[in-house]
Amino acid sequence: MDIRPADMQLCASILRNLESCILGKQEEIQRLLIAVIAGGHVLLEDVPGTGKTQLVKALAKSIGGQFRRIQCNPDLLPTDITGVSIYHPKQETFLFRPGPVMSNILLADEINRATTKTQSALLEAMEEGHVTVDGDTYELPRPFVLLATQNPIEFEGTYTLPEAQLDRFMMKLSLGYPSEADEHRMVMSNEGIHPSERIEPMMGIEDMLHIQEQVLGVHIDDAVGKYLVSLIRGTREHASVLLGASPRAALALARASKASAYIRQRSFVTPDDVKELAPYVLSHRLLLRTEARMNGVRAEDIVAQVIQSTKVPVRLER
């Protein structure tokens, strides 16, 4: 596969755009872009005020396309997301009024504040790329990416995301607090508006679709593929895990690894691509046993143990 320099320049421009909005979070921003060009959905979990929503808005502006935002709350109905059929008296028929899901970039802010019934309205869209309303199926625009945020420490008025929905998120990311130097730069800034308001589009939707097609063409060697599968199966066989990573997780990790190689201007995946992204692709999909959770074991610890115990393929040059 030939990687076009122009496409690489577009990706680099987007990274610079986002890094100008969220200071000191280069690695987190890069992982977010990796998920997007891999065609995956992302769950941003962090405490309030760390810039999750601003990052998503800046990303949406950078890649162009239609952007819609949903502020989730317990009163939100499934039809508020998917759309609804309304009877038109003059035409004597029902007309479909599209919901915000009919967009390229959908931001579901504080997704865990929506009821489980409303959350389930996103399952079909995330996996199938279409929604069904009153028996009729409507295709979503391409590409369609769901970027959802949630607060991990606030439990009042929230609903836990079901495992089936968590499994549909390619990655779960966290921004965390900025460093002291970056926070000082933020405080001393004299700008009256947030930097994300000045973001200009760096590409169009057709450019993004072309990049996503190129990502699919990145090569995974058979040995690297076996290594990836060993990591997936290692999560299922761990003594502290009740439910390990699914086959969907294996496909997500493969696509994310391809995207990681792509933005590094490589036409092939290395074991390092897989190792680097495995914690962010797999951790949120694991269901730990009760005794493990009571002992303070985290899913991230399990993934780290599996990576440590899995033999990395090495190619010897003659």
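Buried means under 20% relative accessible area and exposed over 50%, with partly exposed in between (1.4 Å probe, protein chains only). Helices (H or I, at least four residues) and strands (E, at least two) are DSSP runs, numbered from the N terminus. This is a predicted model, in which local features need pLDDT of at least 70, side-chain atom pairs count only at pLDDT 80 or more, and totals for chains, interfaces and linings use all residues. Residues are numbered from 1 along each chain as its sequence is written, and side-chain values use heavy atoms, with hydrogens and water left out.

**View 1. Helix α9 spans residues 222–237.** The helix has 16 residues.

**View 2. Helix α11 has 12 residues.** α11 reaches 16 Å from its first C-alpha to its last, close to the 16 Å expected. Pro271, Asp273, Val274, Leu277, Ala278, Val281 and Leu282 are buried in α11. They cover an arc of only 140° around the axis, which puts them on the same side of α11. These buried residues pack against α2 (26–37), β9, α9, α10 and α13.

**View 3. The largest pocket holds about 930 Å³ of space.** A pocket is an open set of points on a 1 Å grid over the protein atoms alone, where a 1.4 Å probe fits, with protein on both sides within 12 Å along at least five of seven lines; lining residues have an atom within 4 Å of a point. Its lining has 29 residues, and Glu45, Gln150, Lys172, His284 and Glu300 lie nearest the centre. Elements that each supply at least two lining residues include α11 (271–282) and α13 (299–309).

**View 4. The second largest pocket has a volume of about 660 Å³.** This pocket is lined by 31 residues. Nearest its centre lie Ala38, Gly39, Gly40, Phe144 and Arg255. α8 gives the largest share of the lining, five residues.

Conventions
Points joined across faces, edges and corners; volume = space filled by probe spheres on them. Expected span 1.5 Å × (residues − 1). Arc of directions from axis to C-beta. Contact = heavy atoms within 4.5 Å.
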